[in-house]
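This report describes selected features of one protein model.

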Amino acid sequence: MTREVVAPDFPEVFEAYRPLMLSIAYRMLGSVADAEDVVQDAYVRCHATAPEAIRSPRAFLTTVVTRLCLNQLESARARRETYIGPWLPEPLATEGRDPASLPALSPVAGQRAEAHESISLAFLVLLEQLTPAERAVFLLREVFDYEYAEIAAILGKEEAACRQLLSRARKHVTERRPRFSPSPEHHRRLLQQFMLVVSGGELEGLVQLLSEDVTMWVDGGGKVRGAATRVLHGRMATAQFLLASTRFLPRDARAEIAEVNGQPAMVLRVGRRAELLIALGSESDRVREIRVIANPEKLRWV
């Protein structure tokens with residue numbers, strides 16, 4: 001058996017590209033934990049590859065991570081069929097932190113606002129509706145600025161096929177992207193108003209704050225008492241559920257507004273531990289989307 005040769009500087013090269021790999025994997029999988037697992041798996045695979053077979057570390061590592069993510073997404077679909085209730089991405093606290101200090105943010109082809117927008121919870125949910133291949137092509141081209149020839153090599157497809165995948169993905173994202181993008185200040189004021197009417201038990205005030213076609217998702221993963229296991233539609237049903245569910249909250253819980261995935265969100269804490277997170281999507285001065293993440297396994301990075 002021929003002994004594989006490992007370049008002496010392999011660990012340093014791998015670490016230099018770790019932020020890029022985590023950035024791709026988090027956007028592909030919507031989970032920090034899964035992204036880290038994929039990067040660790042990539043380390044093992046790359047370490048077993050003869051250095052002369054690697055012409056470009058960046059291209060090689062991107063290929064390995066992307067293909068591992070594609071495999072992960074295929075198996076994730078089967079797992080989510082048995083997931084209790086709606087599935088939402090794993091949130092990541094970004095407040096007061098520069099993109100360069102966050103593995104899931106750092107090497108993107110854009111400014112801070114663009115980096116944050118590409119990991120917003122709403123955007124990650126939107127990516128979930130693409131096929132794994134569409135998601136990979138869209139992210140590599142639109143977020144990480146890879147050339148079509150590079151993307152084709154990474155996915156093992158023809159350039160023409162990659163262009164078609166990107167066209168379909170762009171169309172899907174454009175059609176479903178929110179029409180209204182509030183400023184952080186507007187978003188924060190809406191959150192404060194939302195917190196005020198919910199904590200005060202004001203049914204009428206809450207109903208007036210919600211749009212008629214408001215939709216609410218609650219990700220409790222079957223681990224949280226009182227979590228809705230189906231998507232709620234309409235402002236009366238949503239308002240009634242929100243107010244009724246407050247009785248399940250710990251007495252010593254406190255609410256705060258923090259930047260999560262680049263946007264303001266409400267975090268309910270007991271001590272320093274996050275109990276749940278609420279992210280709002282709005283249109284004008286009305287709340288149109290509510291995403292609640294209460295699964296404790298998903299709140300480690302908040």
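F14 has a relative accessibility of 0%, so this residue counts as buried (buried means under 20% relative accessible area, exposed over 50% and partly exposed in between, with a 1.4 Å probe and protein chains only). The model is predicted, so local features need pLDDT of at least 70 and side-chain atom pairs count only at pLDDT 80 or more, while totals for chains, interfaces and linings use all residues. Residues are numbered from 1 along each chain as its sequence is written, and side-chain values use heavy atoms, with hydrogens and water left out.

**Aromatic pairs**

The whole structure contains 2 aromatic pairs. Rings of Phe, Tyr and Trp (its six-membered ring) pair if their centres lie within 6.5 Å; planes under 30 degrees apart count as stacked, over 60 as edge-to-face and the rest as tilted.

| Pair | Centre to centre | Angle between planes | Class |
|---|---|---|---|
| F14 and Y43 | 4.9 Å | 90 degrees | edge-to-face |
| F123 and F138 | 6.2 Å | 40 degrees | tilted |

F14 belongs to helix α1 and Y43 to helix α2, so their pair ties together parts that are 29 residues apart in sequence. Helices (H or I, at least four residues) and strands (E, at least two) are DSSP runs, numbered from the N terminus. Y43 is partly exposed, at a relative accessible area of 23%. In the other pair, F123 in helix α5 (residues 121–128) and F138 in helix α6 are 15 residues apart, and the pair links distant parts of the chain. F123 is buried at 3% relative accessible area, and F138 is buried at 4%.

**Helix α3**

Helix α3 (residues 57–80) has 24 residues and should span 34 Å at 1.5 Å a residue; its end C-alpha atoms are 33 Å apart, which agrees. The expected span is 1.5 Å times one less than the number of residues. Among the buried residues of α3 are L61, V64, L68, C69 and L73. The buried residues of this helix pack against α1 (10–29), α2 (32–47), α6 (132–143) and α7 (148–155), where contact means heavy atoms within 4.5 Å.

**The second largest pocket**

A pocket is an open set of points on a 1 Å grid over the protein atoms alone, where a 1.4 Å probe fits, with protein on both sides within 12 Å along at least five of seven lines; lining residues have an atom within 4 Å of a point. The second largest pocket is lined by 29 residues, and S245, F248, L249, L268 and L276 lie nearest its centre. β5 gives the most to this lining, with 5 residues.
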